[in-house]
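Hi everyone, thanks for making time. Let me put the sequence and the model up on the screen, and then I'll walk you through the parts I find worth a look.

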Amino acid sequence: MAHGPDKSRQQGFISLTRDKALMVALLLGLVMTDTGAALAADDAGTAALQQVESIMILPVVYPEGQTDEDREERFDNLYGKLDEYIYKALLRKLALKGYVLDRPRSWSVPPGWNVETLKDMTPDQLAALAPARAEHVAFLFIESIDSTNNVVQTSANAAVSAMIIDRETGTVAWRRRVEEEFSEHILQIFSPIGMLLTPDKHVAIENAFSTLFEDLPERAY
């Protein structure tokens, strides 16, 4: 009888531990269920996307803090404006996967066209921003772009993401995020295709978007 209280406390502790374990298992189950449902929804969206011929590419979305000067810095070069160059690059890449790209006509960029605002929106809210004639629309986000320049080397890091939305259903058909780095040594300045012809920020963004769409599934015929 002397060990009664200790034994009671031990049993209570075991019971509490089991309750916590059950609680954790339940929460994990809910998270896994939600994650599984989200993955299943994405898979279903991707399967639907593979049946669609045309994807509309909307203007690139910059971070809200990006000043006008930052937007223009090294983004207009011999290749042309960044939006135009990315579109042409994706035009070739996605054509190999069987998709036809389109661009909006008679449509203006709505207020709040920045990463922070659009990332907080739900897929159906994003779909409502898209041109009415579009079936599937691609939102291209430059989440961050920064560069480091010193005497002997220049480099840039770009984080970009994309989301393809089914406008009619307001659901995500495909999404992905990548980061890419581009760097050059001062000796490359004297190369025919050197630093002066390939601005670091511009190239980092181009490379990132090119990598971004590599795993987009080929269109089913």
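Predicted model: local features only at pLDDT ≥ 70, side-chain atom pairs only at ≥ 80, totals over all residues.

**Rings, cores and charges**

Residues are numbered from 1 along each chain as its sequence is written, and side-chain values use heavy atoms, with hydrogens and water left out.

Back to the rings. The structure holds four aromatic pairs; rings of Phe, Tyr and Trp (its six-membered ring) pair if their centres lie within 6.5 Å, and planes under 30 degrees apart count as stacked, over 60 as edge-to-face and the rest as tilted. One of these pairs is tryptophan 107 with tryptophan 113, edge-to-face at 5.7 Å centre to centre and 75° between the planes. Tryptophan 113 is buried, because its relative accessible area is 11%. Another pair is tryptophan 174 with phenylalanine 213, which is stacked, at 5.1 Å centre to centre with 25° between the planes. That pair links distant parts of the chain: tryptophan 174 sits in strand E5 and phenylalanine 213 in the segment after H6, 39 residues apart. For those labels, helices (H or I, at least four residues) and strands (E, at least two) are DSSP runs, numbered from the N terminus. Phenylalanine 213 is buried too, with a relative accessible area of 0%. Ring pairs also link Trp107, Trp113, Phe139 and Phe141 into a cluster.

Phe213 takes us inside.

Which residues have the most contacts inside the largest nonpolar core? They are Ile55, Leu140, Ile142, Ile164 and Phe213, in a core of 33 residues. A nonpolar core here is a set of buried Ala, Val, Leu, Ile, Met, Phe, Trp, Tyr and Cys residues joined through side-chain atoms within 4.5 Å. Strand E1 (54-57), helix H3 (82-95), E3, E4, E5 and helix H6 (200-212) each give two or more residues to this core. H6 gives the most, with six residues. Take leucine 140 as an example: leaving aside its neighbours within four places in sequence, its contacts (heavy atoms within 4.5 Å) include Ile57, Val61, Ile86, Leu90, Phe209 and Phe213. Apart from this core lies another, of 16 residues, among them Val137, Phe139, Phe141 and Ile165.

While we are on H6, histidine 202 has its place in that helix. Histidine 202 is buried, with a relative accessible area of 0%. Its C-alpha atom is separated by 8.8 Å from that of alanine 156, 46 residues apart along the chain.

Now the charges. Side chains of opposite charge can pair when their charged atoms come close. The structure holds eight salt bridges, each a side-chain nitrogen of Lys or Arg within 4 Å of a carboxyl oxygen of Asp or Glu. In one of them, arginine 133 pairs with aspartate 102, with the closest N and O atoms 2.8 Å apart. Here arginine 133 is in the loop between helix H5 (123-129) and strand E3 (136-149), while aspartate 102 is in strand E2 (residues 100-102), 31 residues apart. Arginine 133 counts as partly exposed at 43% relative accessibility, whereas aspartate 102 counts as buried at 14%.

Glutamate 143 has two partners to show you. Lysine 119 forms a salt bridge with glutamate 143, the closest N and O atoms being 3.1 Å apart. Since lysine 119 lies in helix H4 (residues 115-119) and glutamate 143 in strand E3, this pair ties together parts 24 residues apart in sequence. Arginine 177 also forms a salt bridge with glutamate 143, at 2.6 Å between the closest N and O atoms. Lys119, Glu143, Arg177 and Glu179 are linked in a network of salt bridges.

The side chain of aspartate 166 does reach the backbone nitrogen of glutamate 168 at 3.1 Å.

How values were computed:
Polar contact = N/O pair within 3.5 Å; in protein donor to acceptor, adjacent residues only side chain to side chain. Buried < 20%, exposed > 50% of the residue type's maximum accessible area, 1.4 Å probe, protein only.
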